[in-house]
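This briefing concerns the spaces in and on one protein model. Please keep the sequence and the structure in view while reading.

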Amino acid sequence: MGRTVKSVGITGMGSHLPERILTNYDLESIVDTSDEWIRTRTGISERRISDADTATSDLATAAALKAMEDAGVTADDIDAIIVATATPDMAFPSTACIVQSNLGVKEAFAFDIEAACTGFIYGLSIGEKFISTGDAKTVLVIGAETLTKVCNWEDRNTCVLFGDGAGAAILREVESGWGILASLLGAEGWKGKFLTLPAGGSRMPATLETVKSGKHFIHMNGGEVYKFAVGIMPTATLKVMEKAGLTTGDIDFIVPHQANKRIVESAAKRLKIGSEKIFMNLNKYGNMSSASIPVALDEALEQGLIKKGDNVVLVGFGAGLTWGSCVIKWSR
Ligand code: UT7
């Protein structure tokens, strides 16, 4: 007997950002850079920085509590916790298990996924499958990062780009034909070398030498990642709309990964979509990897930019290199 496939939507959102702000002007006294360079090349003006004693799970837990309140669910309702992060508290236990303990969720499974900046979209797509097949009723999906802890503050090519934060969503069954209409995930692993954090894993275990040579920090070939991003963002958007049986004309709102204003503008131009339909808040937060999309989505909702019935596209790319897109017929 086949299983009934249920429609799944986001029924609650929440986000949490550390209070401390690091502006471009502050960065001018740390590395050889300028507010002008950072703003014109990326669109970023400031970013949030977590304290020394704040870990990714702390930001994730705070965002989750807000999403749970927004959705009207309690810890007892949650069947699964998925945390997308490239900066877990530690190798194990997973950050999702730490969040589970923080929230007092007793009967659930919990795991992390590592798809870097695309992680939240991967998480939504995975969570949707558990609910649509009837294996879970309520799934908590979180994108959370403390990237500023793995930035090399002597490398102006990377340290000006990233910030810390967390965003969370509650997924549940929604009325048939609403919620996630389609999602699409991809990876081009052979391009992985363009964005890495090389040390601390099994390939290059932590030694005094790896620490001294800065191999526990982010290493990036910005130009190559940029090239990948400007190609994949419009393609992933077009393809997911096609998968949902829609066209780009049916898009009401896009929440893209917040890496670089120029990448988003280039995608908008290729898709022929007006800037009023595209949300950007990277000026305030920089690139928060897996947290960028859920934080942006939460802010767009708060600002009343998304209404019931809108076709909302989430689209992103990141280390891996990975990419993903999803279209949601907003159901609340
Ligand atoms: O979530 C995925 C994560 N990564 C990304 O999304 C990154 C995608 N790539 C980008 O966003 C852009 O490639 C960057 C913002 C990283 C760089 O912008 P760009 O326009 O590609 O600059 P560039 O790397 O070609 O560098 C141009 C110049 C270089 O100087 P020279 O060699 O021309 O003299 C850099 O050394 O700008 C210099 N530069 C800086 N100058 C001042 C690089 N970083 C800085 C800086 N301040 N922070």
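The lining of the largest pocket takes at least three residues from each of domain 1 (8–177) and domain 2 (180–329), with domain bounds that come from an automatic or database domain assignment. The model is predicted, and local features need pLDDT of at least 70, side-chain atom pairs count only at pLDDT 80 or more, and totals for chains, interfaces and linings use all residues. Residues are numbered from 1 along each chain as its sequence is written, and side-chain values use heavy atoms, leaving out hydrogens and water.

**Terms for spaces**

- On a 1 Å grid over the protein atoms alone, a cavity is a set of points where a 1.4 Å probe fits but cannot get out, whereas a pocket is an open set with protein on both sides within 12 Å along at least five of seven lines; lining residues have an atom within 4 Å of a point.
- Grid points are joined across faces, edges and corners, and a volume is the space filled by probe spheres set on the points.

**Largest pocket**

- The largest pocket holds about 870 Å³ of space; 37 residues line it, and Ala86, Thr87, Pro88, Glu114 and Leu197 are the closest to its centre.
- Strand 5 (109–113) and strand 9 (195–196) are the elements that give two or more residues to this lining; helices (H or I, at least four residues) and strands (E, at least two) are DSSP runs, numbered from the N terminus.
- The lining comprises 18 nonpolar, 14 polar and five charged residues, where Ala, Val, Leu, Ile, Met, Phe, Trp, Tyr, Cys and Pro count as nonpolar, Asp, Glu, Lys and Arg as charged, and the others, Gly among them, as polar.

**Second largest pocket**

- About 380 Å³ of space lies in the second largest pocket, and of its 21 lining residues, Leu161, Met220, Gly222, Tyr226 and Asn260 are the closest to the centre.
- Helix 2 (35–42), helix 8 (222–243), helix 9 (261–271) and strand 12 (311–318) each give two or more residues to the lining of this pocket.
- Because domain 1 and domain 2 both give residues to the lining, the second largest pocket lies between them.

**Largest cavity**

- The structure has one cavity of 30 Å³ or more, and the largest cavity contains about 60 Å³ of space.
- Among the residues that line the largest cavity are Met233, Ile254, Val264 and Val315.
- Helix 9 contributes the most to this lining, with four residues.
- The lining of the largest cavity has nine nonpolar residues, one polar residue and no charged residues.
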